[in-house]
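Please open the model in the viewer and keep the selection panel at hand.

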Amino acid sequence: MGSEPTRPSAVTSTDVARLAGVSRATVSFVLNDTRHSRVSEATRARVREAAAELGYVPHAAARSLRAGRSNLVLIPASASALGSLLSTWVDELHSELERHGYTGVLHAGRYPDPVTAARAWAELRPVAVLALDGDGLGPGAADVLRRAGVRGVLSFAARPTQGVHTLRFDHVRIGALAAEHLIARGRRRIGVVVPRERGLAAFARPRLDGVRGAASGGAASVTELEMAYTAESAAGLARHLRTAGLDAVFAYNDEYATLLMHALRREGVGVPAPVAVVGCDDLVPSALQSPPLTTVRLEGPTPAEVVGVLSALVDGTEVPDVGGVRAVLVPRASS
């Protein structure tokens, strides 16, 4: 039998120091951008050139140990749960985090309860946690994170949690606002699209509850409609709506709404008559649909403002008031 292939050894700071002709301490000062270190620009350039030539990457855990904290901001979220609006927002958030010396990491694990999830997050020793779905984050989970040395826990949630700085984001209100609009327009049989995709139930089901709350007392009937974000699933739902007797649909967001509207058109079902359609997010293409899509616009803090809050939590300074997320109805021809 042949011998096992030799595994290349990892490049170390010692290798960089040897190639650059400097000490390991100098390599550390340069590559960790240590302030107030007396290293000339020529030496800095030589160290960086040596690191680039060898393909050396600093060890994040070791750097965190030296600094007394990590620079990791953990964001519990599945990539599949990020629609176009949230994906763009999170992308800008990553840029802002990097600008402030942090590294943002999406964490998409599945856990049976919030405390188990918090223990898994704490294993990575983040300096902060940003929960986009903060309603499931209880005081027990917050305590686990605090004991693990997490300096800041920030969540978007409908209600505050002990040990967590909360920015209000009420998904129930989004559903209620859509339903109130439809009921005011005379719609009495409302379907609510709940996506089948993983990770979206935490946002979609409170929106469904909001529709049910607004329709209670006989104002309207509410039917839950499952739909995957595929042409086939939208076509199946459109065929169902052709005979279901519903006169309105609130889709989870604009992407599901526009996909369904196109499927309804192919099935010969008119929008807004007989079926009105409302989405959420107010994406740019929404106003360009035929007919233009009624939607719920979400107005809230910018990524820069959120990073400002995170930084204040981490540093223990006064936390700026950036407000929460506000839902605003944008009426158009689809309803």
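Select T43, R44, V47, A50 and A51 in helix α3: these residues are buried, a term that means under 20% relative accessible area, with exposed meaning over 50% and partly exposed in between (1.4 Å probe, protein chains only). Because they cover an arc of only 130 degrees around the axis, they lie on the same side of α3; the arc is that of the directions from the helix axis to the C-beta atoms. The model is predicted: local features need pLDDT of at least 70, side-chain atom pairs count only at pLDDT 80 or more, and totals for chains, interfaces and linings use all residues. Residues are numbered from 1 along each chain as its sequence is written, and side-chain values use heavy atoms, with hydrogens and water left out.

Next, show α1 (13–20) and α2 (24–31), against which the buried residues of α3 pack. Then turn to the opposite face of α3, the one directed away from its buried side, where E41, A42, E49, A52 and E53 are exposed.

Now select the whole of α3, residues 41–54. Its 14 residues reach 20 Å from the first C-alpha to the last, close to the 20 Å expected at 1.5 Å a residue; the expected span is 1.5 Å times one less than the number of residues. After α3 comes G55, with a positive phi near 75 degrees.

Zoom out to the protein chain, which has 12 helices and 11 strands; these are DSSP runs (helices H or I, at least four residues; strands E, at least two), numbered from the N terminus. The radius of gyration is 25 Å, well over the 20 Å that the globule rule gives for 335 residues, so the chain is more spread out than a compact globule. That radius is taken over C-alpha atoms, and the rule is 2.2 Å times the number of residues to the power 0.38. The C-alpha trace spans about 80 × 55 × 45 Å along its principal axes, and 47% of the 335 residues count as buried.

Which residues have the most contacts inside the largest nonpolar core? Select F156 and V306, which hold that place in a core of 70 residues. A nonpolar core is a set of buried Ala, Val, Leu, Ile, Met, Phe, Trp, Tyr and Cys residues joined through side-chain atoms within 4.5 Å. Helix α11 (residues 254–266) supplies the largest share of this core, 7 residues.

Around V306, display W89, L93, L130, L154, F156, L167 and P301, which V306 touches, not counting residues up to four places away in sequence; contact means heavy atoms within 4.5 Å. Finally, select A118, A122, A131 and A142, which are among the 15 residues of a second, separate core.
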